[in-house]
Amino acid sequence: MTFASRALTALLFAASISTATAQPAVKPAAPAVPETQQPPLSSAAERVYEFSKPRILQVRTLLQAAGRQSSLGSGFVVTADGLAITNYHVVSQYALDPKTYRLEYLAPDGTKGILELLAIDVAHDLAVVKVDHPDLPFFQFDPRALSGTLPKGERIYAMGNPLDLGFTIIEGTYNGLVDKSYDEHIHFSGAINPGMSGGPVAGNDFRIVGVNVAKRLDGEQVGFLVPARFAAELIERARKGPALSVDKAREEVGRQLDSWQAAFYETLKGQGFRSGSFGPYRGLESSAPWVTCWGATNADQIPKPRTAINTTRCSSATGIFVSDKILTGRVDLSYSYYKAIDLNAFQFAKELSQRTWNWEGSAAKRLTEQECRDDFVMAGTGSRPALRATWCMRAYREFEGLYNVTLLALTQDRSREALLAQLSMQGVSYANAVALGRRFLEAIEWAQ
Amino acid sequence: MGAVMWIEVMSRHGDAVSRQRIEAEEATIGRAFDNDVVVDDPHVAPHHLRISRGEDGELVAEDLGTLNGLYREQGRDRTQRLPLAGEPGIRIGRTILRVHDARHPVAGERLMTPPVAHARWAAGLGVVLLAVLVALEWLSVTAEPTANLLLLPLLGFITVLAVWTSFWAMLSRIFFGQARFALQLRIAVTACIALLAWEQAAESLSFSFAWRDMAEYAGLGAWAVLAAACWAHLHAIGPRHMRAAMGLVAALLIAGAALQYLGKSESRRLFGQRATLGDLRPPAFRLVPLASADDFFQKTASAKKQVDLARTREPAGGGILSDMDLSD
């Protein structure tokens, strides 16, 4: 496997429906000017890098046996006793498979050493590692970042080792928290590249604002940072709580995923649901501001379609990196209203059969094979359309009690028009999946 | 007394090559030209065999002192004397002979179906088959239906049917002497209609009962239809060697069905089931009552049980796709 494909920057929001979701990366017309006499910008970056140089690290995951690097990221020291912050996804191979991998750091001055994994926070993609080198200088957290009072437009500097090209400093702007997002992420207008994951982002005063974590593939200079607050909290936890035993890291990941999904589905429920209208049918939609929906139609298709299809896709756009093969924690809801234009009932049924293809299901290292159950269902009481429903699920091999679930429902009340509804949930407990699944089925009704 | 016997020299395929009427009480068989029946077989003695009548008047074959001896047609034991009543076949050297007494009974007359009747049936069923095919094709067209789209698959189908029928006609020509193309075509067309009916029934019932496995394993039923078709083809060729041929066909078909079953269950183990609604039919095809949400989620609990069990097993290895995870 080549280095380039393994160097890590989580690409969390990789494929969204439309590029229009990208918020324009607006740079302030004038650079942020603090009150004191301000040196030219380039020299500010110079000073920040000079300060940061002994405090930043390259975090390397090596194959235990061959000693070759398997993936690379960055990190930075935040305490006198050598505790450093990086991303969970930088150390995930080691955390999930400590027998195969080991962790090492490389400092800008060329020193190398072993890293010890002390704590992980899968939900915020953070990890605390300990450098086997006493008396290292360290960073401090920016209190304004911790309290969330940093002004939009402030010039901040992202550091790390992109693509193993050498330690680098990148100027960018702080653009506040990302709108419409369940996970708290700072929107950083600057280039973040694979290999910089876990690296620090500091202001002019050398204090930590956030941690490099991801970028948008469909935008330019749209980067994301984990707010410093979560890093500070994790450091506290690593200091006070029981030390993480590496052999139990996998169980810890499972526990964190489970509590993440419990909180997520609770919040989703708390945000409330509403009934969306799709042709003559209604279906469940979330009122949460971070569930965004996009519509699509085939009306302008050439040659003229024989079935009119209007689709609405909604997604929580959440994503938790667990391993390079598992990105979880996402909920998608989609509704397609089909109306035959000149197809008969059989042809229309065929059209619907062709539209429900889905390749997912193969057994993999981290997920079991898929099991499905079908039935004709009348969910709920009152006068409502009958449904043809299919429930498919896969279990996470390493994380007991977590599943990927797909629920399909097709209305069966008319032969030449139908609503095809699909709910998919990743990394969900069975109880939460059934609860949302039931709500989803019961919400499919006739519009008055 | 005027008793008559017939001595037939058989071909390897079981047809009589020559048939000689003997009006004497005795006959000799061998390579020499002073015999009543002359056989061109280097493994036959110049005077190999004498056929005479025993005390009860039945025919008896007798070895005249030869190197290679005298056997029943299918037997393995060399004998000196063979009574031929009821069992007319004997083997000397590599030659098979049959000796019949004129009093031997023969099978009754079989009613003949004239080839033209088979041809008419074949044509009639063929038209039905093509009409059904076009209709099915038309019912599953979701794009703009064009003549090409509807008729092109027919061409392929007709070609396969023609090759299949010709194969059996050729076998029939070799073993039965007549191709009987019309009869073989009639059988092939009937089998096709049965296959189509089976496939449609399996898919429709799979929808009607919301029973996924039915469509998944419908292929096994198709093998049974194929077996029946092969049996009918062989039967038309003739009853000789029927058991051996049928055994061979059955073995092949069972092997095919078993392989298909194994492939299916293997891919089920490797790839699991697909998140699809399956092959849908119009809502009126539903034959089961509507389940309540409670019933449905009771069913999904069994899926949970199954994937929980799968968690404890080693991941299935092998296969190109097994290493890929398409979950995102």
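Trainee: How many helices and strands does chain A have?

Mentor: In this predicted model, chain A has eight helices and 24 strands. Chain B has seven helices and 11 strands.

Trainee: Where does A:Lys180 sit, and which residues does A:Lys180 touch?

Mentor: A:Lys180 lies in the loop between strand E8 (168–177) and strand E9 (186–189) of chain A. Leaving aside residues up to four places away in sequence, A:Lys180 touches A:Pro289, A:Trp290 and A:Thr292.

Trainee: What share of the residues is buried in chain A, and what share in chain B?

Mentor: A residue needs 20 or more other C-beta atoms within 10 Å to be buried. Of the 448 residues in chain A, 48% are buried. Of the 328 residues in chain B, 20% are buried.

Trainee: What radius of gyration does chain B have, against that of a compact globule of 328 residues?

Mentor: Chain B has 31 Å, whereas a compact globule of 328 residues would have a value near 20 Å. The C-alpha trace of chain B spans about 90 × 50 × 35 Å along its principal axes.

Trainee: What share of contacts joins residues at least 24 apart in chain A, and what share in chain B?

Mentor: Counting contacts between residues at least 6 apart in sequence, the share is 65% in chain A. With a separation of 6 or more, the share is 48% in chain B.

Trainee: What makes a set of residues a nonpolar core, and how many residues has the largest?

Mentor: The members must be buried residues of the nonpolar kinds, joined through C-beta atoms within 7 Å. The largest such core has 132 residues, and A:Val91, A:Leu117, A:Val128 and A:Tyr403 have the most contacts inside it. Strand E23 of chain A gives the most to this core, with seven residues. A second, separate core has 20 residues, among them B:Ile29, B:Val37, B:Leu59 and B:Leu97.

Trainee: Which residues does A:Leu117 touch?

Mentor: Beyond residues up to four places away in sequence, its contacts include A:Val91, A:Tyr94, A:Leu103, A:Val129 and A:Leu244.

Trainee: How many residues of chain A are in contact with chain B?

Mentor: 62 residues of chain A are in contact with 50 residues of chain B. The largest share of that side of chain A, nine residues, comes from helix H7. The side divides into 29 nonpolar, 15 polar and 18 charged residues.

Trainee: Which residues of H7 in chain A are buried, and what covers them?

Mentor: Helix H7 (residues 345–355) has A:Gln347, A:Phe348, A:Ala349, A:Glu351, A:Leu352 and A:Ser353 buried. Their cover includes strands E16 (307–315), E19 (331–340), E22 (403–411) and E23 (417–428) of chain A, together with helix H1 (115–139) of chain B.

Trainee: How do you know that E20 of chain A pairs with E11 of chain B, and which residue stands opposite A:Met378?

Mentor: Pairing takes at least two bridges. Two bridges join E20 of chain A to E11 (residues 291–292) of chain B, so the strands count as paired, and they run parallel. A:Met378 stands opposite B:Ser292 in E11 of chain B.

Note on methods:
Residues are numbered from 1 along each chain as its sequence is written. Chains are lettered from A and ligands numbered from 1 in the order in which they are written. This is a predicted model: local features need pLDDT of at least 70, side-chain atom pairs count only at pLDDT 80 or more; totals for chains, interfaces and linings use all residues. A residue is buried if 20 or more other C-beta atoms lie within 10 Å of its own, exposed if 12 or fewer, and partly exposed in between; C-beta atoms are placed from the backbone. Helices (H or I, at least four residues) and strands (E, at least two) are DSSP runs, numbered from the N terminus. Two residues are in contact if their C-beta atoms, placed from the backbone, lie within 7 Å. Ala, Val, Leu, Ile, Met, Phe, Trp, Tyr, Cys and Pro count as nonpolar, Asp, Glu, Lys and Arg as charged, and the others, Gly among them, as polar. The radius of gyration is taken over C-alpha atoms; the globule rule is 2.2 Å times the number of residues to the power 0.38.
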